[in-house]
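Trainee: Before we discuss this model, could you show me the sequence and structure, so that I can ask what lies behind the terms used for it?

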Amino acid sequence: MNILFISFMIFYVIFAVIFLLVPYVLRALALYTLAKNKNIDVAWLAWIPLADSYIVGLLSKGSPFMRKKFPNIHIILPSLYGLYAIVYIGYMIYFFTQFPMFNPSFAYNMFGSIMFIIFYIAFMLFALFVSASYYFTLYHVYKSYDPNNTALYTVLSILFKLGFVFLFVIRKKDPAFADEEVSQELPPAQDNF
């Protein structure tokens with residue numbers, strides 16, 4: 001074998017370990033620790049890539065805003081990710097079956113070209129919505145554990161994908177808000193007489 005090829009493969013493996021595996025392990029460990037500290041029974045879900053969003057949703061409910069406005073975020077967020085995965089697979093199937101390089105007759109089909117553009121825009125808007133939902137939820141996780149640095153953590157998580165670092169930093173902190181359940185009952189009626 002060529003020494004250059006072997007060198008490239010070694011570099012690729014090291015790169016993959018550093019930039020893919022290390023963030024995954026740090027994020028999963030942080031989510032697992034946070035979930036264990038909050039006595040979440042299914043803390044092990046932190047190690048499963050799509051299911052970890054369930055843990056993020058549960059952790060975000062430490063914020064009073066999330067408990068009141070989005071009580072089911074722990075169900076909504078993983079559902080969005082699952083739907084995103086299905087849409088992504090559908091988009092890839094459509095792309096590889098309709099793209100001109102793979103299907104020459106597609107290039108001359110105006111309707112197919114327009115549908116491709118519409119599907120692409122819809123896919124990108126949905127991806128943006130899923131990402132915004134995730135970062136909104138992550139913002140409330142940060143707010144629950146480190147209210148003073150919430151905005152900084154969120155902005156750096158979005159811009160530089162450093163969410164795993166900040167989750168790892170807050171993993172040993174106590175929640176800033178009490179864990180009381182939000183009552184779903186109506187407030188008592190007032191007599192205006």
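**Terms and their cut-offs**

Mentor: Leaving aside its neighbours within four places in sequence, Ile-170 is in contact with Leu-34, Val-141, Tyr-142, Tyr-145, Asp-146 and Tyr-153, where contact means heavy atoms within 4.5 Å. This is a predicted model, in which local features need pLDDT of at least 70 and side-chain atom pairs count only at pLDDT 80 or more, while totals for chains, interfaces and linings use all residues. Residues are numbered from 1 along each chain as its sequence is written, and side-chain values use heavy atoms, with hydrogens and water left out.

Trainee: What makes a set of residues a nonpolar core, and which residues touch the most other members of the largest one?

Mentor: A nonpolar core is a set of buried Ala, Val, Leu, Ile, Met, Phe, Trp, Tyr and Cys residues joined through side-chain atoms within 4.5 Å. The largest here has 24 residues, of which Leu-31, Ile-55, Leu-59, Val-141, Tyr-142, Leu-167 and Ile-170 touch the most other members. Two or more residues come from each of H1, H2, helix H5 (110-145) and H7, and H5 gives the most, with six residues; helices (H or I, at least four residues) are DSSP runs, numbered from the N terminus.

Trainee: Why does Thr-150 count as buried?

Mentor: Buried means under 20% relative accessible area, exposed over 50% and partly exposed in between, with a 1.4 Å probe and protein chains only. Thr-150 has 4% relative accessibility, and therefore counts as buried. Thr-150 is found in helix H6 and, leaving aside its neighbours within four places in sequence, is in contact with Tyr-139, Tyr-142 and Lys-143.

Trainee: Why is Asn-39 called exposed?

Mentor: Asn-39 has a relative accessible area of 65%, so the residue is exposed. Asn-39 is found in the loop between helix H1 (3-37) and helix H2 (52-60), and its phi is near 60°, a positive value in a residue other than glycine. Most residues other than glycine have a negative phi.

Trainee: Why is Lys-161 called exposed, too?

Mentor: Lys-161 has a relative accessible area of 55%, and so is exposed. The place of Lys-161 is in the loop between helix H6 (150-160) and helix H7 (163-170), and its phi, near 55°, is positive in a residue other than glycine.

Trainee: Which residues of H6 meet which residues of H7?

Mentor: From H6, Tyr-153, Leu-156 and Ser-157 meet Gly-163, Phe-166, Val-169 and Ile-170 in H7.
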